[in-house]
Amino acid sequence: MFPVRKTKRAFVKTGDFTPGRKRRRCVSPMPETKAGPDFLDSVPDDLVVSILCRLGSTSRCPADFINVLMTCKRLNSLATSPLVLSRLSPKAIAVKAQNWSESAHRFLKRCVDAGSLEACYTLGMIRFYCLQIRGNGASLMAKAAISSHAPALYSLAVIQFNGSGGSKNDKDLRAGVALCARAAFLGHVDALRELGHCLQDGYGVPQNVSEGRRFLVQANARELAAVLSSGIEARSWLSLSQPQIAVSNQTPIHGCPLLSDFGCNVPAPETHPANRFLADWFALRGGDYSPGDGLRLCSHAGCGRPETRKHEFRRCSICGVVNYCSRACQALDWKLRHKVDCAPVEQDVAGEGNVQIDGIGNVNGDNVLVQMS
Amino acid sequence: FHFLSRSQSNSLTTTRVLYKEIHNSTAHYFFRRISSLKLTKMSKKIVLKTSDGESFEIDDSIALQSETIAHLIGDDSASTSNGFPLANVTSNVLSTVIEYCKKHASVASEEELKKWDAEFVKVDDSTIFDLILAANYLNISGLLDLTCQTVADKIAACKDADEIRATFDIENDFTPEEEEELRRENQWSFQ
């Protein structure tokens, strides 16, 4: 059928190669008597690249893709071509924090050089927060953000809001809002929530409560839509219930709710591999970032961001125990977990210069996020 | 046509009626032309000749899914009576390809097509690769995407490089040192 192929591989048949070849764990229903077909040999390079692109963009873990690199030289060179590397899915480059090594770093750098936005974002996050190379990390995230990568835009917004990597005076609220707006228009749920809260509070942008509420509602709608479109199994989580009243909270709360859900028990959104890396990293290296150092993590487990200076994050005004990097994290954590844990505690007003807020919802102090039901 | 006499009028309603009439009349004119075209087109069959000498006769609506054939028809380089020669495609592969094109030319819901596609690719590896090459030669994008994705899924389903090599019968041309180097370099990806 393909005479060219037969002559090319003729010399192979006589040889004796690695044990792997003898172990015919063949999954295809091929008759054993057929002389080795060597399928991929007959396929031209551009088609193999096309196959590998699809493999990379649909991989669910790094191993799915990396295994190909170790099969043979031709596949190795084709799989490491920029075209394939630039299309890797976030899960394909989801390095686990415990496996972090120079070689993992090198691989991510290669993907960045190939033009992968996901790699730019992931490596940017890792360099900024974990390795503490602030400038380079931020510029990598900016590279992804310029090409409209929504998570990168949102991360940069959080950095601007908090003035991460610099002093308190490096906060740039307007830049943060601008970045947040761009991420929100791309449909990023956390950015939509953050923008909604900024508009409601007049934080970095002229106050516009109704517009803010509109964004919050849109964030909820998108979150719900994502859950519904992800499949039937997810639906079993969904149970419409009455909006819960915080049992532990005695003081009556007025004002707009955080609107983190419609009263539906929407399950937690899937965390981005970069955030999971951060969370795992700081969990593993607890010693370097112990409370003794004074630097805390965002209390939303799915976020994983650490503070870059003391008292950078703002805390819950009611219990003062948890702190968050952003309003979006606060809203999500409230819905998922903090709603039941939060209990008013006697606040020492002079403590850390944080101003105690009444439950009505005006942010007076710098470091307190108002907790609303 | 009446419109010649009405063209003097300034009233808005009459101009609107005027345009409508022109539109209708020209539309009717073209409709007659198109329907006559369609009738002649529907009975047109294409003959394809494979590399092993067999001839296949199919509707041109099915054949036109292949851009290569569409170009050949456009060029009109081969006489339609003899059939278009396809040097790189054998008869059994072509019959499978025609089966795919027939299904996708027919009216079916997207879910139905997806289910049918999933069944369609449950064939042995050699057929899949033949289909990839044929779809590439005939330039049928849907079939090419489907088959490439199938192979990608097969690769992803393998647990390690050895299994991939066994499945696709790939020769390991790394020296043991190179293999060890690769293993160290990619250690981070192993769970």
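**Confidence and contacts**

Modeller: Chain A has a mean pLDDT of 77, and 71% of its residues reach 70 or more. pLDDT is the predictor's confidence in each residue, from 0 to 100.

Biologist: Where in chain A is the pLDDT below 50?

Modeller: Residues 1–36 of chain A are one such stretch, with 41 contacts in the model beyond near neighbours in sequence. A contact means heavy atoms within 4.5 Å. Residues 349–366 of chain A also have pLDDT below 50, with 30 contacts beyond near neighbours in sequence. Where pLDDT is low, the predicted coordinates should not be read in detail.

Biologist: How many aromatic pairs over all chains?

Modeller: The whole-structure search finds 10. Phe277(A) and Trp281(A) are stacked, because their ring centres are 5.7 Å apart and their planes are at 25°. Rings of Phe, Tyr and Trp (its six-membered ring) pair if their centres lie within 6.5 Å; planes under 30 degrees apart count as stacked, over 60 as edge-to-face and the rest as tilted.

Biologist: Why are Phe277(A) and Trp281(A) about one helical turn apart?

Modeller: They are 4 residues apart in helix H16 (residues 273–284) of chain A. An α-helix has 3.6 residues a turn, so residues three or four places apart point the same way. Helices here are DSSP runs (H or I, at least four residues), strands are E runs of at least two, and both are numbered from the N terminus.

Biologist: Is Phe277(A) buried or exposed?

Modeller: Buried, at 2% relative accessible area. Trp281(A) is buried too, at 6%. Buried means under 20%, exposed over 50%, partly exposed in between (1.4 Å probe, protein chains only). Ring pairs also link Trp100(A) with Phe277(A) and Trp281(A) in a cluster.

Biologist: Which charged end sits over the ring of Phe128(A)?

Modeller: That of Arg134(A), 5.3 Å from the ring centre. Arg214(A) does likewise over Phe215(A), at 5.4 Å. The test: NZ of Lys or CZ of Arg within 6 Å of the ring centre and within 35 degrees of the ring normal.

Biologist: Switching to chain B. Which residues of H5(B) are buried?

Modeller: Among them are Val93(B), Leu94(B), Val97(B) and Ile98(B). Their cover includes helix H7 (125–138) and helix H8 (141–157) of chain B.

Definitions and conventions
Residues are numbered from 1 along each chain as its sequence is written. Chains are lettered from A and ligands numbered from 1 in the order in which they are written. This is a predicted model: local features need pLDDT of at least 70, side-chain atom pairs count only at pLDDT 80 or more; totals for chains, interfaces and linings use all residues. Side-chain values use heavy atoms; hydrogens and water are left out.
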